[in-house]
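Please keep the sequence and the structure in view while reading.

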Amino acid sequence: MKQATLHQLKVFEAAARHGSFTRAAEELFLTQPTVSMQVKQLTKAVGLPLFEQVGKRLYLTDAGRELLATCREVFERLSQFEMTVADMKGLKQGQLRLGVVTTAKYFVPRLLGPFCRRYPGIDISLQVTNHEGLLDRLNDNLDELQIMSQPPTSFDVSCHPFLENPLEVLAPHDHPLAGQKNIPIERLTGEPFIIREPGSGTRGAVQRMFEEHGIKLKIRLELGSNEAIKQAIAGGLGISVLSRHVLALEGGTSMLTILDVENFPIRQQWYVIYPKGKQLSVVARAFFDYLLDEGKRVAEDTAALKFRE
Ligand code: PGA
């Protein structure tokens, strides 16, 4: 069947429906010999007769009936596809493939709420991984858009900031330094410290900051999850530096506090990125515009950025 063409299938379907090559030719504005030739070629591709002629009338063979059913399915699928494309152009259908770093999961799902309500036909695939994992996904072109706070230097990307991502020193609320002002960064030297896993962007930023100030951290625990680190801090295992976003939804009952340490917060931005020159799908473009416009406001409202006050 690989040699069969869509045109041959159309001609066959018309001939089968009319039971006549002549009527099929009239409908398709072709000559009768052309119809007959197309059906002959299709018959050769199938390897079995498609019609039997009884008197002047054509009847489908078993193979012909099977092919007719298949043709109808194919044409139906194609017409559905046409509708889907039309809808996508009108931005009603499609899938948004989004990859975000772990900390972005504290606000991105909230952002998606109003977006999905506006475009109910859009499905979302949201992948959450650390910085290094996201770079691998970028390399494999698995996401249409990505959200991270340290744009890659080894890829040529279009990179657009849309929100602050301050990294704060977090401690249990009953920590001896809690409530003190302008704590010198050196005071953290002896503190048991909890750090994210290798490959984490947060870990990289924290290490750079302490190295710049010649401070050697006393790493007590390495954990691959922001939530686990929060629990460990609350459990008195140490302090850590994490994005202020991890405090979203904590409210006044939080067991954590932000220490007012000099040189903190580490000021970072959230960026939405995609490979430079990549043609964004209609759906991805809509989300990109939403993010840079209203998304920013929604994220600020929900992301505990005012936790300090
Ligand atoms: P992380 O990334 O989840 O890998 O720590 C955060 C970031 O992009 O800074």
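From which domains does the lining of the largest cavity draw at least three residues each? In this predicted model, that lining takes at least three residues from domain 2 (92–164 + 269–303) and at least three from domain 3 (167–259).

**Ligand and its shell**

- Around the ligand stand V101, T102, N130, H131, M148, S149, Q150, R196, S200, G201 and T202.
- Sorted by residue class, the shell around the ligand holds two nonpolar, eight polar and one charged residue.
- As for the domains, domain 2 (92–164 + 269–303) and domain 3 (167–259) each supply at least three residues to the shell around the ligand.

**Polar contacts and cover**

- The side chain of S149 places an N or O atom 2.3 Å from an oxygen atom of the ligand.
- H131 takes part through its backbone, a polar atom of which is 2.7 Å from an oxygen atom of the ligand.
- For S200, a polar side-chain atom is found 2.8 Å from an oxygen atom of the ligand.
- On its own the ligand has 280 Å² of accessible area, and the protein covers 100% of that area.

**Cavities**

- Counting cavities of 30 Å³ or more gives two in this model.
- By class, the lining of the largest cavity comprises three nonpolar residues, 12 polar residues and one charged residue.
- The second largest cavity has a volume of about 40 Å³, and the residues that line this second largest cavity are F193, I194, I195, R196, T202, R203, V206, S240, V241 and L242.

**Domains**

- The protein is divided into domain 1 (6–68), domain 2 (92–164 + 269–303) and domain 3 (167–259).
- Between the C-alpha centres of domain 1 and domain 2 the distance is 51 Å.

Methods:
Residues numbered from 1 in each chain as written. Predicted model: local features only at pLDDT ≥ 70, side-chain atom pairs only at ≥ 80, totals over all residues. Heavy atoms only, no water. Near = heavy atom within 4 Å. Polar contact = N/O pair within 3.5 Å; in protein donor to acceptor, adjacent residues only side chain to side chain. Areas by Shrake-Rupley, 256 points an atom, 1.4 Å probe, with all protein chains shown as cover. Nonpolar A, V, L, I, M, F, W, Y, C, P; charged D, E, K, R; others polar. Domains from an automatic or database assignment. 1 Å grid on protein atoms, 1.4 Å probe; cavity = no way out; pocket = protein on both sides within 12 Å on 5 of 7 lines; lining within 4 Å. Points joined across faces, edges and corners; volume = space filled by probe spheres on them.
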